Structures are given as C-alpha cells and as structure tokens.
Amino acid sequence: MDVDQDVVMDGTADAPSIQSANGYSEPTSKSGGSSLETPNGHSADSSAEGTSSKSGELGYPERFRRKGILPTGCCYDDRMKLHANADFGPNPHHPEDPSRIEVIMRIFKKHGLLFTGTDAELIDVINNRPTSYMWRIPAREATEEEIRTVHRVEHFNWVKALSTKTTHELRDISAMMDQGRESLYVGSMTYEASLISAGGAIETCKAVVTGTVKNAFAVIRPPGHHAEYDQPMGFCLFNNVPIAAKVCQKEYPDICRRVMILDWDVHHGNGIQNMFYEDPNILYISLHVYKNGDFYPGKPDNPMIPDGGMEQCGAGNGLGKNINIAWHDQGMGDGEYMAAFQKIVMPIGHEFNPDLVIISAGFDAAAGDELGACFVSPACYAHMTHMLMSLAGGKVAVCLEGGYNLIAISKSALAVAQTLMGEPPPQMQIPRISKEASKVLAKVQAYQAPYWECMRPGIIDVTEMTKNDSSRLHDVIRSSQKEKLSKYGMLPLYIQRDIIFRSFENQVLVTKGVQSAKKLLLIVHDPPELHGQPDPLDNSLEPHNSWVSDGVAKYIDWACNNDFGVIDINVPHYITRTDDTEHFTPRMDEKTLQMHLQELMCYIWDNYLQLYDGADEIYLMGVGNAYLGIKVLLINRNVRNRIAGIVNFVDGSLRPVKSDVDEDLSSWYKDNSQVYVANDHACWSDPDLTRKVMKRRFGNAIRSEVNGLAPMMNRHFKDVLRFIAEQARKLHGGETTEDEGNRRG
C-alpha cells in the first residue's frame, strides 16, 4: 500500500515526523485512554513553545475549554482500508469499497477542515484559533468485552477466525455469503479492520460524551447497522454504533443515560433496531426505503423478528422507542427528509431529551447513489445535522455507515462536517413533499401517538372510539342522505360481491319501481364535500362551524319529480375493513378505485340496467373521482346503444374513454356528453394540455366558471337540464312529449 497517498492531518515536508502504518503522523509519545491529538496528528503531550495553557494531557488551551469553545473531532485510521474482498480483481469488486473513507478524508483536506501546515503554524492554531480545524480522535481496536456488549461470543469468534483462514477459504466464504440477505464479503484483514471500526466509533462517542470535543465525525468502515447480535449481514461485521452507545452508557452512567440514534441510511438498520427493541433508554429512529418490505434488508426469515415497517414501535419497556419512517418507494428527496425531521424526528427528539445523539450516517440516500436511487442533497444533510445539534447540548457523534457513490458520499460527508464545525447550513429551496410520502408521515405519527405527547395532536384513537359506539362521519352523512332520500322511496341495493359488498353497504340507493321506469338517471359520485372553520386558538373544529356540500341532492330531487328512476351510487374514499383500527385511513389508490368501480358498475349493469327493457332513456352522471365508474362501464360493456347522454363534473384527473374493440366509442362519447371541468384545473393552464383535452376521447370538455364539485353542479344545473332535453329530442327524432328543461327544476 502506498502510505504517502493516504496520509491525513499530517505536517508538510517542513515539519518532519515519522509516518506510522495507519497514515497518521506518529506522535512522540502515547497516552492511554481516549486522548485527543492536535490537528496535525501530534499527541497532546508533544511540547511546543507557547502551549503552556494546555490542560492535563490535552493540548487544547484551557482558556478556550473554560469558555465552552470546543473543537470538532475526527476519527480515521488507514488500517480500516485493509478490509477487502479476498477475490481480488482489476476492477472495483464491491460497492463497499475501501476508497469510500479515503475520498471523504481527501475532500476534508481539500476544503481546509484538516490542518496540513507546519509545526510553527500549528502553535498559532493551538493558541489562537483551535476550532479552525478538526482535532484527531485516535482510533484503536475494540476489545472483546466491548464487542460482546451487543454481540454473542459465537459471533465474535466467527469474525476473529477469519484472520486465520486461507485465501481459498476466504474466497469460498465470500462467494457463499455475498448474495441474498447476508450480502457480505470477507478478507484476511477483515477482523482487524472491524475491530478498529468499532473502536473508532467508541472513542468518537466517548470524546463527545466527556466534552473533549463538542461533536465529532468517525470516518470508519466496515459499516455496522445491519449486523445482528448473532450474525454479520449487509456489508457489516460488528455493529459499531450500538457498541459505542452501550460502552458510553456503562462507563459514564451519570452523563450518558439516554442515547438517541438517528439512522438516515437508505436501508433499514435492522441490527440496531433488534438490539435495542426493548430498551427504554435508547431511542432509535430510522429513515429508510421500505417498499412494503421488498427493499433491502427486507423481511427476516423468522416472522417473529420485526422488520422495518412503520408499525414496529418496540416492545416491553422499549415500546415507543423504535420509530421507522419507512418510505413507500425510492426517489425520496430533500422535501420528504426535511418534512420527516420537522414532523417526526425533532419533536420526538426534544421530548426524549437525549444525553447523546449518534447519527448512523449512511449516505446512500444521496443524489447520485445508484443503490439508493434517492435525491437527498448535501445541503439537506447539513440542515438535518444542524437540527440534531439542538439536542443533547450539541453532543452529536456521526458514524459512517453506507453510501457507495464516491462523489455523493464525499460531498455529503463534507456538508455534515462543515455544519458540525459551526458553518451555517446553506440556503436551500425545499421541494414539495409527495402525497404518498405525506401519507407515510401521517401513519408514522399515528403509530407513535400512544407513546409520545408531541405526536398526539390531530390523532384519533380509533379503537377507543369504537368502544364508545362512535361512527365515522362518512357513515353518518350517508345515513342522513338515506333518510332524506327516503321521501322518494329510495332503498339500499344489496351488492352481492365478496370483494366490495362491505364497502358499498348502504352506498347504492334506488327508487321504488326503478325497474319499470322509462327514464333513468344513474349518478356515481364522491361523498359530499366537508368544510370547516377551525378555532383560531386551539384548532378545534365545532359542528356549528362545519358544513357539508352535497351537489347531488338537487339532481335527484329534479329527477324524481320528473318521473325518472334513480340509482344513486356514493363511492367511499376508503375500503371498509372488519378490523377498523387504523388511526389514519388513506384514500383508495387509483388502481384499487378502478378495480372496485369496475366490479360495481359491471355488476349493476349486468344484473339490473340491461334487464330494464322499458327504460329507453338512460342518463349517466359522474361526479369527482368516482366518474371513473362511467369510463370503466363504457369500456367494459357494450352500453352506448342504451345510453341517451352522459354528464360529468371533474376537479381531478380527466379520464379518456377509448376502446380497442369499439373504434367509434370515443366519437360517440364526444357527441353525447357534457364534461364540466373546474376553472382552475391544470389542463387550462397549458395550451398543449388544453388541446389534448379537446380530443374526442375526453368527451365534450367545458371549462366551468367556478371551482369545486358542489359549486359546479349548482352553477351548471340548468345547462344539464337543457342537455338532457336536447338528448331526449335527438333520441325521439326531434319529437318531444315532455320538455324536461321546462319541468320543475
């Protein structure tokens, strides 16, 4: 190994020193314990003129220490680069490459975070501006006793035995384990590098806890957060952060009792979670991609072991001390991570009030990392670090975990280190958070609400509500609608379909004698819109300051008074479950909504509408997202020869109607529909989108003068009546027996 290329925090050629094997300047004397070294790697005992103000064995000026002016520490050792795959090749052999830590140290030097001047300059730095550079925290090998604070002895012995195996044996082990969930490679120096990585984490955390430095960054590898108590996993041998946390709790019980571990690696830190799952004094918060358990590390083989799902909140005395912010997919960026910090991480962090914060700092969620495929910027990492520095009196220890794009990991680590040293985070424009990510955060809040006071505002205990005979407002409103419509003799239609019958119970109402009506109106609509004016003081919502907007009732009233049979379909935004205990129930996604509507609309057509031979005028009306039901019916059943006209009110996605079987369906839909689109709909703001919407498959799109479903239905009521009258005239060859537009409206 070319040691000169790996020298860090060393003096220049004018400052002679002996280079050690680990790439640091060899100090003139060694001191035991967790000593701190000067910025160029000299030991604290190295005497220099003008440094008489140092305290004890430390070269840091006592006058600065008394004022609370402390440096940022940095722990690094070249020997950690000796962990390499036994199966050497000419190309980079593995994402967890030794150069990961080298590029971080190189960028630290390039941007002046590490001292590289002469000994004469060093004296001035120590006396006058000691916080200008990061101070070295010497790494050491962790002891077996320290490793076994979280790992079983059998696991320690397995890793230790690697140092005695032949190259052939190491290659066989790597070939066997570097796949699937284990995802691990080993080499002849893996054991030694793993001890130094764990020891570096220990010394870094101890230096922060004892106030030797104000905060610190441990540039260490191999990483640790996937390693379980009894097995290595996911590039990890020993779990560095838990080892360091337990050692600090043991050695400094009076000043380090509560530890918060924030893991922003894109992969869930299963090892850390499982080691502290029942520990009340360790708060573990992980932000990671979950993808319903399909993203690494995935679900454990043993179903009794918790995975990275947001519902895993800890157990026993540790209940509530495990928080998984489990993203639904890759592609998360600054908006999502900043929102997670503001809504979940920091409120809980302040309520927990830790004595030490350890960041399991994987940078594989950084923009540019191919494995993570997320878009977190260096500026975002800086802001997250800055927020965490408001906890534990600023005692923050950063320990490197994953991150496999060398440019991304170095820039992100630099941003974190600069923030630790006191530079303000750069100004950044925070993007809007995605809807799905906001749902994730809402669910996390709901799961944690029973355990944290700060998570409770706005969260309802559904189980308790159910015990007290409470009902969802959705059901109360539908019951009220049902009662109002009973004056027209409207009764519930039972839906005999296993998948949807519970969700649509009491949601489909029909008038008596609908089967013999000559004219029929089928309305498929969203639930009524809710409006409320919260109290400005406590944000509470009172019934007298809340309103329900139901634009459908006016049309049903008109239809029933004009001899129409009516089928009214209220499409719930959620799926009714037997175990209705979710604190927050999101709306049905597009795929589920379409599946349910297709099942429902085809069932009603097959079993009712197509059998009503007497109905020669059938009108369809779609309102809101539920108008998707009109589309699926037109595409999946040959109905247009029975349909007199279609009216839709749209404030969301516009649905194209196009059939591979019926080539004329789009043209027919254009000629026989009125599609009222909200005035502020995005399609009107872009000329290209407007031209697209005017095509046949979107129907006869009309820009409304108003916004909102109820206002549109009210504004265009007479327009709809005229349209129905015109369609009736066309259907009867220009003859009108009744002018619906002149009847009661």
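**View 1. The buried residues of helix α17 in this predicted model.** Helix α17 buries Thr-592, Leu-593, His-596, Leu-597, Leu-600, Met-601, Cys-602, Tyr-603, Ile-604 and Trp-605. Which elements do these buried residues pack against? Their partners are the strands β10 (508–510), β11 (519–525), β14 (564–570) and β16 (643–650), together with helix α18 (628–636). The helix itself runs over residues 590–607, 18 residues in total. From first C-alpha to last, α17 reaches 26 Å, close to the 26 Å expected at 1.5 Å a residue. Look also at the start of α17, where a side-chain oxygen of Asp-589 comes to within 3.1 Å of the backbone nitrogen of Lys-591.

**View 2. Phe-217 and the largest nonpolar core.** This core is made up of 122 residues. Phe-217 is listed with Phe-108, Trp-264, Ile-325 and Leu-388 as having the most contacts inside the core. What does Phe-217 touch, apart from residues up to four places away in sequence? Its contacts are Gly-73, Cys-74, Cys-75, Phe-108, Met-134, Thr-204, Phe-363, Val-398, Ala-413, Val-416, Ala-417 and Leu-420. There is also a second, separate core of 48 residues, with Phe-504, Ala-626, Leu-628 and Tyr-669 among them.

**View 3. Ser-410 in helix α12.** Helix α12 spans residues 406–420, and Ser-410 is part of this helix. Is Ser-410 buried or exposed? With a relative accessible area of 8%, Ser-410 is buried. Residues up to four places away in sequence aside, Ser-410 touches Val-103, Ile-104 and Ile-107.

**View 4. His-268 in a loop.** You will find His-268 between strand β4 (259–263) and helix α9 (270–275). His-268 counts as buried because its relative accessibility is 3%, and buried means under 20%. The side chain of His-268 makes a polar contact of 3.1 Å with the side chain of Asn-324. Leaving aside neighbours within four places in sequence, the residues in contact with His-268 include His-225, His-226 and His-288. Tyr-284, Tyr-296, Pro-297 and Asp-307 are also among the contacts of His-268.

**View 5. The salt bridge between Glu-144 and Arg-148.** The structure holds 27 salt bridges, and here is one of them, with N and O 3.3 Å apart. How accessible is Glu-144? Glu-144 is partly exposed, at 31% relative accessibility. Arg-148 is partly exposed too, with a relative accessible area of 44%.

**View 6. The salt bridge between Glu-705 and Arg-715.** The side chains of this pair meet at 3.1 Å, N to O. Where in the chain do the two residues sit? Glu-705 lies in the loop between β18 (701–703) and α21 (709–715), while Arg-715 belongs to helix α21, and the two are ten residues apart. Glu-705 is exposed, with a relative accessible area of 56%, whereas Arg-715 is partly exposed, at 35%.

**View 7. Asp-719 and Arg-722 in helix α22.** The closest N and O atoms of this salt bridge are 2.5 Å apart. Why are Asp-719 and Arg-722 separated by about one helical turn? They are three residues apart in helix α22, which covers residues 717–731. Asp-719 is partly exposed, with a relative accessible area of 22%.

**View 8. A network of salt bridges.** Which residues are linked here? The network joins Arg-140, Glu-146, Glu-203, Lys-206 and Glu-251.

Note on methods: Residues numbered from 1 in each chain as written. Predicted model: local features only at pLDDT ≥ 70, side-chain atom pairs only at ≥ 80, totals over all residues. Heavy atoms only, no water. Core = buried A, V, L, I, M, F, W, Y, C linked by side-chain atoms within 4.5 Å. Buried < 20%, exposed > 50% of the residue type's maximum accessible area, 1.4 Å probe, protein only. Contact = heavy atoms within 4.5 Å. Helix = DSSP H or I, 4+ residues; strand = E, 2+ residues; numbered from the N terminus. Expected span 1.5 Å × (residues − 1). Polar contact = N/O pair within 3.5 Å; in protein donor to acceptor, adjacent residues only side chain to side chain. Salt bridge = Lys/Arg side-chain N within 4 Å of Asp/Glu carboxyl O.
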